[in-house]
Amino acid sequence: MKRLLTFGAAVLLGATSTQAETIAWWLPNWDEKPARAIVADYETANPGEKVEIVITTWDTMAQKILVGLQSRNAPDVITELESRTLRYARKGLLADLTGVVTELGKDDFVPSALATGEYEGRYYSVPFRHDGAGLYYNKDLFAAAGLDPERPPQTWAQLVEYCKKLTVTKDGTTTQYGIAWPLGNVNNGVERYLPLLYDHGGKLFNQDQTRFTLDTPEAIGALDAMANLFKTGVAPMSSLEVDNTGLRELFLNRRIAMYYSGPFDVQPILEAGIKVGTGVLPGLNGMGVTTVDGFSLIVPAHSSKQKAAEQFVAFVGQPKNQARLTATFPPSYTALKYEQFSSPYLQPFIVQLGRVENMPNHPKWNELERILFDNIQAAVLGKKTSAQAMADANAQMNGSL
Amino acid sequence: MQKSNARTLSIVIAYVVLIALLFFALAPVALMIGTAFKPNVEIFQVPPRWLPRAPTLSNFHKVLFNSGIGRYALNSVIIATLMTFTALVLGTMAGYGFSRFKFRGNRALSLFMLLGQLIPLIALIVPFFQIFDAVGLLDTKIGIALAHLTTALPLVTWMSASYFSTIPVELDEAAIIDGCTRMQALRKVVLPVALPGIISIALFAFLMSWNEFVLASVLTNTDSSKTLPIGLSEFATMFTVDWGSTMAAAFLMTVPVVAVFLLFQKQFVSGLSAGAVKG
Amino acid sequence: MEQARPKAALKRIRLREQFAWMPFVLPGVTVAVLLTVYPTYSVVSASLFGDTAKGTAFVGLDNFAALFRLPQMELYLWNTFLWVIISSTGALVLGVIGAFALEVRGIGLRGLLRSLLILPWIVPHVAAAIVWKWFYSSEFGMLNHVLQSLGIIKRPLNWLSDPALALGAAAVLQVWGTFPFVMLMVSAGLQSIDGSVLDAARVDGAGWFSEAVHIILPALRNVMFIITLILVVWALNSLIAIWILTQGGPAGATSTMPIYIYSAFRDFNLSAASAASCLLLAVSLVFAGIYVLRVTKGA
């Protein structure tokens, strides 16, 4: 009898525990700490709900999410790069999160962030991190070159002039360059060319993304601007060997005086003890353009726990939780005013968010950007003129569509 | 007299060749080990240095105590050992069969067997994911081991077949006349003679699993199946890479394999040349 | 009737020998087939299907045609060809030389030397590629530093950013990582050569060169074939070395087929990725076919 009772109790307990829903959340390793704290708060606020965290890494997340979504076997909530989400949404692989976005307040989101998940008037992601590039410069090297360490270049013409002054040559070898670019990495390299393109008034495609428009004077002018820095010897050829991380190492070792990067570089540079300044990107007429990217939460369309997933995403999407989770900035206007984003180093990045373009989300972008990348490199190496390079890129990219 | 001169010369040449090869092989490894002991600020110093100025153990400390590497190492050992053992048993038997018997379909079967190794790994990601999803092997050690077996088994078979073909058939025949079955002849006579080859093949299969990244990156999710190469990628985030810890972990991944191989050196010099079966 | 009995016995023995291969070969083959059938089918069929106006449908060889229409394809194929030839030949030459040097009588510490020389093969590929990238760096690279301090070069060379050097530099990494495999396999093969044959040759006054060419290499013929096959397949499918060093640059100088397949895969353009994979598979199969023919002919 007693045994029967315990058995009955166990059955009952079992039944209640299955009522509580456990959802799984894939997130990258650098977000793990704040994510666990947010989950703990969520579980306290919603007794019975459980969130199981699975850690991905930068090197594995793209293919894991891709294969998982396509094979209808992915967790209920995923942290994914903003510029990749629209490609999934178009294929109908993501759940519609318009309700969540509306509940959080559409107007509180930076528009370019929301746009990364918007397809046919519906929202398929809730962004929590959103940032663009800014200019980093070494104040000591500025002072040594007779430049005002508190005034970074404001226009592209000034940037070119500063670069010349900041390039130091000893016995025929250059020991310090004005600037360098991450042209050893396809994504990073193209991400630095596109802002120049937009600043020059160029466009990547026509309206419906069926034709590239890279053989225009604007596109050629943008490439010329970059290639000329190499031609005049103020940017090192080793640019073609580095990605964003490698570029920062060149800066930390005083091989270059300036470079473009996102707000996440502030911390490591300060830790290395460099006197660093930040500024907005110099453009043809005042502030230039930056491309923006970031991270969003998405819910797979096949998830059987949509309700629970949406409830959790709505929790993480609150301004205060965005601010905890983001490694740079939150896309919420409310959260951007928080104390933690008030550091003077970060201000130019926030100002720069006023002139942005999103990253392309063409379905064949990986294949296409590789062609653009090859031709940018060819122009920088002097193997092609900028006009040739852009004509080739345009023809080859259109040929691959 | 002349003969011993020639002997000395050949030894000198051999040493020169070996020392040159050692430099080539070990210079990058030395840089790797040096980096593992360097504090972060020293890694990209100009001019570069082999050895750290201020050696530190903090990278190793971080790898050993602040990462999941212990768990991943256990997974990797289980997966690689399980896979290697299976591949060796199935592969040496099949290899023996292919090298000792003439039968119809020999060529077709051989070619077919190689398929698993010939397809680019990236193309295998999706099909493997689908199968393992269907049978519930995603994120399991067995799943990864099976995926690795697919690429290793064909080559283990073919490499053992090629070693067996260098061993005179007379050896098996003598054993069979002495009353052995074919299987006993393989186990008691052929395998011992081919031992150096088998060790090399085992190492080959083991490393194929131990260092494999592409398949494991998609087929594993949690600590219950993540392997060491996945662990290695966890020292990087989107915008920072902990180079020192990455190199320390890579060093720690390398040492046990070399140590085990070093232990097997006695067995490496057996076989016919050692005179084991001669006469 | 009297004659039937021995005939039947003979038949039975023949029958037994005829099927004797089965218990050896079938378990391995069955497992291999079970594991490869679906992936192979999946890759081949994905290469024959594609997105059409009516959704995913059978498109025959259209994906292959599209592949060859790609403006960059010629460059990809040519780079792949060069890459395979340079890296496989390099690994074969260094590996064979290393194995022979290790087997010279009178060499001490052989086991230790062998264990040290195989290190490049054991080091995790990703970490090795990162170290080589530093090694080659024109800013803080050890290679330029050493070559300059030895007076061999005057200015730092842009190993990875000069289109004329990059493919070769990347191939050196592939050679570095695979030559120990060749060395070990040949080394193991040398162990199984009957020492008395070598002794007899030496008594006949054969020099080491003719010894190598006339006795050792023929005896290791099958081993050499399989090693070559493996090297070619590895090189054909290798992604990590190039991806980490140059990502296919500069200006496409190191863009090989796996680089293309990886880009297509990341677009989840499985039709293109599978068609390109099948192309590589076909090339590998030609090599494998030659290998199987040669080996079975000799048996």
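The following dialogue considers a predicted model and the reasons behind some of the terms used to describe it.

Visitor: Why is G177(C) counted as buried?

Guide: A residue is buried if 20 or more other C-beta atoms lie within 10 Å of its own. G177(C) has 26 C-beta neighbours inside 10 Å, and therefore counts as buried.

Visitor: Where is G177(C) placed, and what is it in contact with beyond its neighbours within four places in sequence?

Guide: G177(C) belongs to helix 9 of chain C, which covers residues 163–191. Apart from those sequence neighbours, G177(C) is in contact with P120(C), W121(C), H125(C) and A128(C). W121(C) is 56 residues away from G177(C) along the chain, yet their C-alpha atoms are separated by 4.9 Å.

Visitor: What makes helix 7 and helix 8 of chain B roughly antiparallel?

Guide: Angles over 145 degrees count as roughly antiparallel. The axes of helix 7 (residues 169–177) and helix 8 (residues 182–193) of chain B cross at roughly 150°, and the two helices are therefore roughly antiparallel to each other. Their axes come within 10 Å, and helix 7 of chain B passes helix 8 of chain B in a right-handed crossing.

Visitor: Which residues make the contact between helix 7 and helix 8 of chain B?

Guide: Helix 7 of chain B contributes L171(B), D172(B), A175(B) and I176(B), while helix 8 of chain B contributes A185(B), K188(B), V189(B), V190(B) and V193(B). By class, this contact has 7 nonpolar, no polar and 2 charged residues.

Visitor: How many residues does each chain give where chain C touches chain B, and what is the class make-up on the side of chain C?

Guide: The contact takes 90 residues from chain C and 95 residues from chain B. Helix 2 of chain C (residues 21–48) supplies the largest share of the chain C side, 16 residues. By class, that side has 64 nonpolar, 23 polar and 3 charged residues.

How values were computed:
Residues numbered from 1 in each chain as written. Chains lettered and ligands numbered in written order. Predicted model: local features only at pLDDT ≥ 70, side-chain atom pairs only at ≥ 80, totals over all residues. Contact = placed C-beta atoms within 7 Å. Nonpolar A, V, L, I, M, F, W, Y, C, P; charged D, E, K, R; others polar. Axes fitted to C-alpha atoms, helices over the stretch in contact; angles between N-to-C directions. Parallel < 35°, antiparallel > 145°, perpendicular 65-115°, else oblique. Left-handed = near helix turned anticlockwise from the far one by under 90°. Buried ≥ 20, exposed ≤ 12 C-beta atoms within 10 Å, placed from the backbone.
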